[in-house]
Amino acid sequence: MQAVILVGGEGTRLRPLTSTVPKPVVPLVDRPFISFMIDWLARHGVDDVIMSCGFLATSVRNVLGDGSASGVRLRFVEEPEPRGTAGALKFAEPMLDERFLMLNGDVLSDIDLSRQIEQHLETEAAATLALVPVPDPTAYGLVRLNEDRSVRDFVEKPSPDAIDTNLISAGAYVLQRDVLELVPPDVNVSIEREVWPRLIGAGLFGFPSDGYWLDIGSPERYLQGTFDIIEGNVRTPVRERLGEDWLAVDPSAEVRGRAVPPAVIERGVMVAAGAHVGSLVVLGPDVSIGTGTTVERSVILNGSTVAERCTLRDCIVAAGCSIGAGSSISGGAVLGEGVTVGAENVIGRGARIFPGVTLPDGAIKF
Ligand code: GDD
Ligand code: MG
């Protein structure tokens, strides 16, 4: 089975994590984000993946290579300029099989794609959209279904007064290549706004799923996705690494303080005596945590160092940061790559600090 993953967006809502790394390869728990998608697809029989890229395509390719590590064939196509969700697919048309999966490249999910493909075949659909319930559909594509699961309405980004169902499109579709006859070449076309509405009554079906699903597009959701992976709420290969004690500690890590599960502690990590790490923590390779420091519900990426007596809660620290003694980082704050925070700073309330910034000792307190 073939799959096309759309990864052409800029990922602006995930800044500053995406200021230096394209969204598909932002590290999540222990691997580039998109690897979770590829693994999910491979479990449902996908062996041929086409990545439809725009922004920073070369760095995506450098991180993922040809896919041999994940057991799938991986190819990349780059549009000359952003063509929109249907235009990008049209651009890849010469590579496409008669039937294939198409996915938005920012979802963490374990929806049963095999059953979705079965339903697609049974109904002889032109396109079958996976559907999931969400509390607030306004940021998504709302879908109203008929009894036989054919789509009655598709409303992209519905206004609050248009909401009479909680079912939205999960960004995972089974498609027949014929659908591309509706898409003109060489122009920007939205599959949500220009193709789905025209397929209503002409083979557009929905597949309601009770699987796990999350659009990973913001720092809050990035943390939520991290927690769900290490709590085992979504099916991923990380579950096996965590084992029965829900603690994955690389043998080369030196944990002298306390580690509370679930947590992932990678190679070369140093947790000093009297430090407290977890629960719901990921420490990337070579991270170091000082004496008397507490880290909870947070992610700290490669090579960052946290000095003594710090408190880190509900925050994301990108690679290569340095945090001085007695500082507190919390409330959804995100530090971009290579940020230096001097001693005795207090950073909270969703602050986003851009890559390479240096804050002197005691610079921020609020
Ligand atoms: N190659 C390419 N070219 N990819 C693109 C382009 C483009 O011009 N524009 C967007 N993409 C990719 C994005 O990188 C992302 O992976 C995917 O297409 C969807 O774009 P988003 O910008 O994330 O859309 P959204 O989240 O607002 O809405 C979409 O996803 C929802 C589910 O998360 C829609 O498909 C909604 O209907 C859906 O409910
Ligand atoms: Mg999205």
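How many salt bridges does the rule find across the interface of domain 1 and domain 2? Here are some notes on that.

1. A word on the basis: this is a predicted model, where local features need pLDDT of at least 70, side-chain atom pairs count only at pLDDT 80 or more, and totals for chains, interfaces and linings use all residues. Residues are numbered from 1 along each chain as its sequence is written, and side-chain values use heavy atoms, with hydrogens and water left out.

2. The protein chain is assigned domain 1 (2-211) and domain 2 (220-359); such bounds come from an automatic or database domain assignment. Their C-alpha centres are 31 Å apart.

3. On to the salt bridge (a side-chain nitrogen of Lys or Arg within 4 Å of a carboxyl oxygen of Asp or Glu). The rule finds 1 across this interface. Arg-241 and Asp-30 also meet through their side chains in a salt bridge, at 2.9 Å from N to O.

4. Who touches whom? With contact meaning heavy atoms within 4.5 Å, 21 residues of domain 1 are in contact with 27 residues of domain 2.

5. Now the buried area, which is the accessible area (1.4 Å probe) that two parts lose on being put together, summed over both. The two domains bury about 1900 Å² between them, with 68% of it on carbon and sulfur atoms. Of the area that domain 1 buries against domain 2, Pro-16, Leu-17 and Val-29 supply 32%, more than any other three residues.

Terms used:
Chains are lettered from A and ligands numbered from 1 in the order in which they are written.
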